[in-house]
Amino acid sequence: MAPKERSCFTRAALFLLDLEIFIILYLPVTFYRVFKACTTKTKTPASTARQPEDDKTISIATNVVFSDGYTPYEDASPCSRCQAINLADLVSESGYAHCKTYDELQSAAKNGCKMCTLLILAIERSEARKTATFWMSFRSTKYQSRPTLTLVSRGSGRDGGLKSDLVEVKLEKLDGTYDGPRKVKRSELLAVVGLYADADSPAQASISGRRILCDSSATDAISMRERWIKEILRADDIAQQHNQISNEELPKRVLDISQQSEDEEDMIKLIEIDNAAPIKGRYIALSHCWGREGHFRLTESTLNHMKTGLPTSSLAKNFRDAITITRLLGLRYLWIDALCILQDSQTDWELESAKMGRYYEKAWLTIAAGMSDGGKDGLLSKRSPHGLAHIRLKVWANAARNSGLGQKFTVYFALDPIKPSTQCPIRTRGWTFQEELLSRRYLSFETTQTYLRCGTIVHHECGRQDDLLKDESPFMEGEQLLQRKDWLEIVRRYSSRNLTKESDKLPALSGLAHEYCARWGDEYLAGLWRKDLCRDLLWRRNERYALPEPRRPEEYRAPSWSWASLDGRIEFVGPGNTQDEAKIKIQSVNMELAGRDPMGQVSGGTIKVRGVVSKMDSYGNIPKRLGIKLRKHYDVPGEVKPETPPRSQYLLWVCKNSGLILRRALVDAGRDTDFVVMALPRIEFERVGYFSSRPSNELDEFWSNVKLEDWHEHRRFIYPEVIYLV
């Protein structure tokens, strides 16, 4: 019994000893941590508490964020340098000199200045900082001559230039010796931030940027935009009087949306115009994404009903909002494709879809449902705040060096200036591409704000103006592309768009093709042009974009030599240089139309071409005897595979350095049986890719053995062949 008792006693003693150690060592530490956490939570705001110098974490979103229906904002808690910011310097050509070193900027940010924090974040995320030569001297403490961080407002529009809501964050430095008589001021752009004022603020006389309401369906937001839109359109009407923009023939069918009396149900009527008695007037066209929901459309069965009158309550939200906007702008007629083209008549659809480009071109205004990927969201939906909260700062009217500082104004700085989104639903759809390019005036309601393009000038609801000839923008204007005869750029942009129906690839570009043909008088060949065919054949899939993956449509849509035979982004490569002449001769082209529109769907197309053809094996191996290194780009990766019986691949040299990868074409041999393929009796080839080669001695030697014009004289020479591309 004694050993067991001693064992129990020993265990109890050890337990008490462990408990004593825990109380002595760990309990005070735990109490201290709890006490520190509680006292930290009850401290004053972070703006008055100094952060440790080695703490590199800088964030804007630590203060209280306020929301007044506009973009949310925070108070700046400004440092002494930010408190001295004034409009006179900010909008001047020299700008406001903020600080001399990065340490000063960072120290102020750590002490709670949200304005300095915003500047640091804008600089750190900017690509311009990586190429700025003054950046290292600004960050380092070793340099005696340092640049000054300067804030410069881009433009108020008062001097006749474009308005801007952007402030440039620059580094400025005087170059030259200290003893020299003259010094030159040099500056480098580091970043840009946004600058905005309230619409009723006196600061609007100097600042172009305006705060915008988040809820675009609110009465105040609609009224503000109505005044803004009317003011711009009125000025543009005066400037465009010589173009007779308000006196165009109405489309075959339009909606009469005349305002009904308050006692009657809101109704619209469809007007069908006789071609023999055209009516002139102003109308608005709607550009929108159809979506997959089944909203009301014009059909043979609903035609008479719409002519007698249709309640607006039965229409999709996009259409109801379009009617509201048309009425606010004082117009009577509205054109919507879904309600003005018979959707169950192939004949009417072919005739009217071929005119769609002209309808948008002649419209007094095109309005776009930019934020909606279907018909149910509408044009006046609630918008999400753009980017991080703005920083509210009170600035002086004049600089301190002047006799009087003057009045103080409230302004708002933004890390993310409000700009259009490249991922807006309407910019992803195929049909809306030509609708935007052909429209003379384009009003787009988007998730960030509302945009109005008149010609090449894009007016932003926030006050900024962009010139599409100079500034990067997701908006497009077709007049300049058509004047430059830049069809390849049109196709390159269009190829990134999506279509609900694969067969619409060519019809959705028909309006632009008609306009191009009217100006330049060429023959249209399934997306290419006869005069430039040798150049236009040299296209390939754009390998910089992995998604969406390129693919062939399930049903025949275009000849394999046309870009329209492929779904996915494409780019035109063209000859290596202007002196690189074509090495092929187009002997004839035969196109088979699938409908009445010469720019629309096709059922076949064959090019008879004479050129140099080099044979590869079925695995795509290049003949070693050529001694030429080629780079191959297959249109659809994985599409070309070894077959039984094997089909060899061929190289058709379109110019000296590049050409097409071909293989023998196949045809369906039976109707009611399983799919069987067989070689065609004549030499017909289909395109499967593109190849290119760099200049080399081997390539020069190859072409020295090619006889393009002479008849077959000797076996060592290479002669062109006549083949058919389908």
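Predicted model: local features only at pLDDT ≥ 70, side-chain atom pairs only at ≥ 80, totals over all residues.
Author: A search of the whole structure finds 42 salt bridges.

Reader: Why can two side chains pair in this way?

Author: Side chains can pair when they carry opposite charge and their charged atoms come close. Take one case here. Asp236 forms a salt bridge with Arg441, and their closest N and O atoms are 2.9 Å apart. Asp236 belongs to helix H7 and Arg441 to strand E16, so the pair ties together parts 205 residues apart in sequence.

Reader: Are Asp236 and Arg441 buried or exposed?

Author: Buried means under 20% relative accessible area. Asp236 has 14% relative accessibility, so Asp236 counts as buried. Arg441 has a relative accessible area of 1%, so Arg441 is buried too.

Reader: Which partner does Glu543 have?

Author: Glu543 forms a salt bridge with Arg631. The closest N and O atoms of that pair are 3.2 Å apart. Glu543 sits in the loop between strand E22 (539-541) and strand E23 (570-572), while Arg631 is in strand E27 (residues 631-634), so the pair ties together parts that are 88 residues apart in sequence. Glu543 counts as partly exposed because its relative accessibility is 35%.

Reader: What does Glu686 pair with?

Author: Its partner is Arg663. Here the closest N and O atoms are 2.7 Å apart. Glu686 lies in strand E32 (residues 684-692) and Arg663 in strand E29 (residues 658-664), so this pair links parts 23 residues apart in sequence. Arg663 is buried, at a relative accessible area of 8%.

Reader: Which residues do shared partners join into one network?

Author: Lys252, Arg253, Glu272, Lys307 and Asp348. Salt bridges that share partners join them.

Reader: Back to H7. How do I check the length of a helix?

Author: Compare an expected span with the distance between the end C-alpha atoms. Helix H7 covers residues 219-239, which is 21 residues. At 1.5 Å a residue, H7 should span 30 Å. Its end C-alpha atoms are 30 Å apart, which agrees.

Reader: Which residues of H7 are buried?

Author: They are Ala221, Arg225, Trp228, Ile229, Ile232, Leu233, Asp236 and Asp237. Now look down the axis of H7. The buried residues fall within an arc of 165°, so they line one face of the helix.

Reader: What is on the face turned away from the buried side?

Author: That face of H7 carries the exposed residues Thr219, Asp220, Arg227, Glu231 and Ile238.

Reader: What do the buried residues of H7 pack against?

Author: They pack against strand E13 (365-369), strand E16 (441-445), E17 and E18. Strand E16 is also where Arg441, the partner of Asp236, lies.

Reader: Where is Thr456?

Author: Thr456 is in the loop between strand E17 (450-454) and strand E18 (457-460). Thr456 counts as buried because its relative accessibility is 16%. Buried requires under 20%.

Reader: Which residues is Thr456 in contact with, leaving aside neighbours within four places in sequence?

Author: Asp466, Asp467, Leu468, Leu469, Glu477 and Gln480.

Reader: Now the whole chain. How many helices and strands are there?

Author: The chain has 18 helices and 33 strands.

Reader: What share of the residues is buried?

Author: Of the 726 residues in the chain, 49% are buried. The accessible surface comes to about 37100 Å². Carbon and sulfur atoms hold 50% of that surface.

Reader: What share of contacts joins residues 24 or more positions apart?

Author: Among contacts with a separation of 6 or more, the share is 69%.

Technical notes
Residues numbered from 1 in each chain as written. Heavy atoms only, no water. Helix = DSSP H or I, 4+ residues; strand = E, 2+ residues; numbered from the N terminus. Buried < 20%, exposed > 50% of the residue type's maximum accessible area, 1.4 Å probe, protein only. Contact = heavy atoms within 4.5 Å. Expected span 1.5 Å × (residues − 1). Arc of directions from axis to C-beta. Salt bridge = Lys/Arg side-chain N within 4 Å of Asp/Glu carboxyl O. Areas by Shrake-Rupley, 256 points an atom, 1.4 Å probe, with all protein chains shown as cover.
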